[in-house]
Amino acid sequence: MAEIILTGDRPTGKLHLGHYVGSLKQRVVLQDSGDFDKIFIMIADAQALTDNADNPEKIRTNILEVALDYLSVGIDPDRSNILIQSQIPALAELSFYYMNLVTVARLQRNPTVKSEVEMRGFSSNLPVGFFAYPISQAADITAFKATVVPTGEDQEPMIEQTREIVRKFNQTYGEVLVEPRILLSDNKVCKRLPGTDGKAKMSKSLGNGIYISDDPETVKKKVMSMYTDPDHIQVSDPGKVEGNTVFTYLDAFSVPDDFGEFLPEYSCLDDLKDHYKKGGLGDVKIKKFLINVLERELSPIRKRRSEFEKDIAGVYDILKAGTAAANKVADSTLAEAKEAMKINYFDDSALIRSQEEMYNN
Ligand code: TRP
């Protein structure tokens, strides 16, 4: 069976390093592996609108930002289809029919929706569209018959719910849809990169994110102000490595070669950590090292980005072509689904013939 990837992001802001290590980097590896027959990467603007209905301008401007982020990290439009969710009408149609296969109680149990609803303080103002977005996400995935969804662990409940919808649909109407599996990043630190303040997650509202598109000065400033160990006051003090954001980032980003290149007096990360724990290693030194490590990672990304920035119309052409190719696939799945659901009246000559006979013979 063909291996097909679908994944995506809500265009509510620029993508940050959490997105990068948690998902984007892995996508590029998967793309470059050649193990997949098709790859679809979705800019999920319709989903973003489910809790931003009053702010379409924000979603509109961030489509380009997310597209530039994708292209700059190495997503290659020749090998991966980048598409815009709202421009794929079949998704809305599929969602409409999937709604009949999901109960309100089941949606209420979705832990990701539950915590998002809480975070946004919706209570009785919860938009139906937001509440039901797992159903539309199931449409995103199944329209492309995706077998693999590489994404963060917070998306696990969505994939589970998609699998349930697929089973229910296939049981009810016949085998049309494909059950996807989730593919998590195998690196533990990468699953949830904290913000520069050491808080659980990077977020725009907390102002604790480092963005893929940040310039070197900004990255430097953000790293220099990073949360470390508050009890590590003097250089000679022993320091804590757990919960120390600089070390968490080093866990996520540093590679063995970085030591030879930027910090030859240490042989490896454990060596550096041991010294920090013992005392005698200052925060400035580890921060400068982290800046070098991040720059090693980010400078080729920035270079690629600046090329794409020179031709914004070209970026939109990429999105348009990716969306057109995606529409072909989604339309064909929709046609199959409608046939299975017996709502293909005009395409079903057998139906017309048999009723013709019934009435006229
Ligand atoms: N819900 C995802 C997020 O918040 C975005 C998304 C939309 C998605 N459709 C998808 C992810 C389909 C994977 C597959 O990041």
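The model is a predicted one, so to speak of local features takes a pLDDT of at least 70 and side-chain atom pairs count only at pLDDT 80 or more, while totals for chains, interfaces and linings use all residues. Residues are numbered from 1 along each chain as its sequence is written, and side-chain values use heavy atoms, with hydrogens and water left out.

Now for the overall picture. The protein chain has 17 helices and 5 strands; helices (H or I, at least four residues) and strands (E, at least two) are DSSP runs, numbered from the N terminus. Along the principal axes, its C-alpha atoms fill a box of roughly 100 × 45 × 40 Å. Of the 361 residues, 49% are buried. Take the contacts (heavy atoms within 4.5 Å) between residues at least 6 apart in sequence: 75% of them join residues at least 24 apart. As for charge, there are 44 positive and 55 negative side chains, and the centres of the two sets lie 3 Å apart. Lys and Arg count as positive and Asp and Glu as negative, with His and the chain ends not counted; each charge is placed at NZ of Lys, CZ of Arg, CG of Asp or CD of Glu.

Next come the rings. The structure holds 10 aromatic pairs, a pair being rings of Phe, Tyr and Trp (its six-membered ring) with centres within 6.5 Å; planes under 30 degrees apart count as stacked, over 60 as edge-to-face and the rest as tilted. In one of them, the ring centres of phenylalanine 40 and phenylalanine 144 are 4.5 Å apart and the planes stand at 35°, so this pair is tilted. Phenylalanine 40 belongs to strand 2 (residues 38-43) and phenylalanine 144 to the loop between helix 8 (133-143) and strand 4 (148-150), so the pair ties together parts that are 104 residues apart in sequence. Both phenylalanines are buried. Elsewhere, arginine 10 lies over the face of tyrosine 133, at 4.7 Å from the ring centre; this label needs NZ of Lys or CZ of Arg within 6 Å of the ring centre and within 35 degrees of the ring normal.

Helix 12 (residues 245-253) has 8 of its 9 residues buried, so it is largely enclosed by the rest of the structure. Phenylalanine 253 counts as buried at 2% relative accessibility. Leaving aside residues up to four places away in sequence, it touches Leu17, Tyr20, Val21, Leu193, Asp258, Val293, Leu294, Arg296 and Glu297.

Finally, a word on backbone angles. Most residues other than glycine have a negative phi. Serine 123, in the loop between helix 6 (111-120) and helix 7 (128-131), has a positive phi near 35°, and this serine is exposed, with a relative accessible area of 60%. Lysine 342 has a positive phi too, near 65°. It lies in the loop between helix 16 and helix 17 and is exposed, at 64% relative accessible area.

Terms used: Buried means under 20% relative accessible area, exposed over 50%, partly exposed in between (1.4 Å probe, protein chains only).
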